[in-house]
Amino acid sequence: MIPLAEYRAEHVRLAVEGPVATITLNRPERKNPLTFDSYAELGALFRAAAREEQVKVFVIAGSGGNFCSGGDVHEIIGPLLERDTKGLMQFTAMTGELVKAMRACPQPIIAAVDGVAAGAGAILAMSADLRLATPRAKVAFLFNRVGLAGCDMGACAILPRIIGQGRAGELLYLGRSMGADEGLAWGFFNALHAPEELDAKAAALAGEIAAGPSFGHAMTKRMLQMEWAMSVEQAIEAEAVAQALCMTTQDFRRAYEAFAAKQRPVFKGD
């Protein structure tokens, strides 16, 4: 795939400025719902990130005062009623692929959540590494409201690790909205910002992360995910290997040399 800075997205808006790539869901008249095409394009973008040299951090946001209202009722939900079991499995595998791509891409992902984040939109926010929001943000895992289970796209695995088992169960069984203050208190959101400041705050956070050691950040993200399935002893051993690998990078040497010179290190990702 060509570098992301040269890629022209068809179903979302993609902007690359220096080391930060911003993906914007851009159907504001419908609160930015996902379609079959946007699901696939998002998955492809995050898969391509593993081979990307310039981009160090992603920001994903929505336009028009909302994040994402989930799967488009007319373009996804309606057609699904006409599919057989094989066709439905193909769809659910594709939606799960997006989450797997987000978790596998080495760059940290920041979700900037304003307004509605419902259904698959809530999953997108959940699957990011960090989440900023506005006071008007409302997150709803509302799959039970349409007669489905709450176990969609990794929700039963990831959400309890963010907010706890009991709180996750409450949201998944009831399908109710989690408000911004509640999301902040529960640890779902890292911070709340005024709507007019959200984009700038997300960009600033992305820039701060991008200025750090990208190989080290990728290793941190990988270990945060891998260690879910490890014992503490296994995790300590895995982290010993990961940290030793980081010590082979030039960024580790640059940090030492900058410290010795009483300067701030400038990391280059090698």
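Mentor: Helix H8 (residues 198–210) carries the exposed residues Ala200 and Glu208 on the face turned away from its buried side. Exposed means over 50% relative accessible area, buried under 20%, and partly exposed in between, with a 1.4 Å probe and protein chains only. This is a predicted model, in which local features need pLDDT of at least 70 and side-chain atom pairs count only at pLDDT 80 or more, while totals for chains, interfaces and linings use all residues. Residues are numbered from 1 along each chain as its sequence is written, and side-chain values use heavy atoms, with hydrogens and water left out.

Helices (H or I, at least four residues) and strands (E, at least two) are DSSP runs, numbered from the N terminus. H8 has 13 residues and reaches 18 Å from its first C-alpha to its last, close to the 18 Å expected at 1.5 Å a residue; the expected span is 1.5 Å times one less than the number of residues.

On the buried side of H8 are Leu198, Ala202, Ala206, Ile209 and Ala210. Seen down the axis of H8, these buried residues fall within an arc of 100 degrees, so they line one face of the helix. The arc is that of the directions from the helix axis to the C-beta atoms.

The buried residues of H8 pack against S2, S3, strand S4 (109–113), strand S6 (130–133) and helix H9 (214–226), where contact means heavy atoms within 4.5 Å. S2 and strand S3 (residues 57–62) pair in the parallel sense over 6 bridges; two strands pair if DSSP finds at least two bridges between them.
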